Amino acid sequence: MRPDELAPSTIRTGPAGWSYPDWKGVVYPAKAGRYFDHLAYMAGLFDVLEVDSTFYRIPEPLKTGEWLRRVADRPRFRFTVKLFQGFTHTRKASLVDERAFHRAVEPLARFGRLSAVLVQWPWSFRNTPENRQVLLDLCTRFSAYPLAVEVRHASWGHKDVLKLLRERNLAFCNVDQPALAQCLGPTGAVTSRLAYFRFHGRNAASWFTEGAGRDERYNYLYSPGELAPWVEAVRGAASVAEEVVVIFNNHFRGKATANAFEFQHALTGTLQPVPEP
């Protein structure tokens, strides 16, 4: 089944990434050896994973093709892929990088396993006329794929931004992040056939702290009460979008996995086997 053939209200929930050393003995078996297949294991638990590694390095097509082989027995499973940071953060990506990213993503798209490419911009990327054009120009270069645009600065929280994305059939990424000044607050916007939600945790003390590592910044476990309003927002999005992707990025010590399981249960009321640790 191709993504454009999905039934209405398809909701997929999962974590961002699957290769974290601190998940051993928490998400993965403590005695998992060198041949343990982390991706296949996670595809047996969730129906979507966000590929985090592509933000740091563009993989070879052989690698993404290998991902396909490892999830072949999970027909419902999909990937979302973060766009390489050279396009959005350093802005030093070349035409060679652009072609390499297209080659990397093409196998996932061709076999109907790609739900979206996530175009993530840093908090420093403000809503200005120049930056809106930069955003649109970049999305045009990758318009062959379903795109979700993540912006984190509060200046983007206006109806005209949503209108602009809707006109271009770009999904607005709804984020949960620490409630700090000039950080974009909670939203439930749907601007394309795809609705996208990302949960970064609320570790305000480390969010903008210089020297705070990635692990500490995303070291946060949501409570059921904190997730409850988002469950309703996702249900609302599912009433108008064809596909809803819910990603937990609070990855430290497997907290994203725990919250993804809890979110699934809150949405469906069903229980499923979870890793014993």
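Which element gives the largest share of the lining of the largest pocket? Helix H10 does, with eight residues. The model is predicted, so local features need pLDDT of at least 70 and side-chain atom pairs count only at pLDDT 80 or more, while totals for chains, interfaces and linings use all residues. Residues are numbered from 1 along each chain as its sequence is written, and side-chain values use heavy atoms, with hydrogens and water left out.

**Confidence**
- The mean pLDDT (the predictor's confidence in each residue, from 0 to 100) is 92, and 95% of the residues reach 70 or more.
- Residues 1-8 have pLDDT below 50, and this stretch has 13 contacts in the model beyond near neighbours in sequence; a contact means heavy atoms within 4.5 Å.

**Largest pocket**
- The largest pocket holds about 440 Å³ of space.
- A pocket is an open set of points on a 1 Å grid over the protein atoms alone, where a 1.4 Å probe fits, with protein on both sides within 12 Å along at least five of seven lines; lining residues have an atom within 4 Å of a point.
- The volume is the space filled by probe spheres set on the points, which are joined across faces, edges and corners.
- There are 23 lining residues, and the closest to the pocket centre are Phe261, Glu262, Gln264, His265 and Gln272.
- Strand S1 (10-15) and helix H10 (255-268) each supply at least two residues of this lining; helices (H or I, at least four residues) and strands (E, at least two) are DSSP runs numbered from the N terminus.
- By class, the lining has ten nonpolar, eight polar and five charged residues. Ala, Val, Leu, Ile, Met, Phe, Trp, Tyr, Cys and Pro count as nonpolar, Asp, Glu, Lys and Arg as charged, and the others, Gly among them, as polar.

- Thr257 lies in helix H10 and counts as buried because its relative accessibility is 3%. Buried means under 20% relative accessible area, exposed over 50%, and partly exposed in between (1.4 Å probe, protein chains only).
- Leaving out residues up to four places away in sequence, Thr257 touches Pro15, Trp23, Val27, Met42 and Phe46.
- Lys63 belongs to helix H2 (residues 61-70) and, at 47% relative accessibility, counts as partly exposed.
- From C-alpha to C-alpha, Lys63 and Pro275 are 27 Å apart in space, and they are 212 residues apart in sequence.

**Cysteines**
- The count of disulfides (pairs of cysteine sulfur atoms within 2.5 Å) is zero.
- Cys139 is in no disulfide, and its nearest cysteine sulfur, that of Cys173, is 12 Å away.
- Cys139 is buried at 5% relative accessible area, and Cys173 is buried at 0%.
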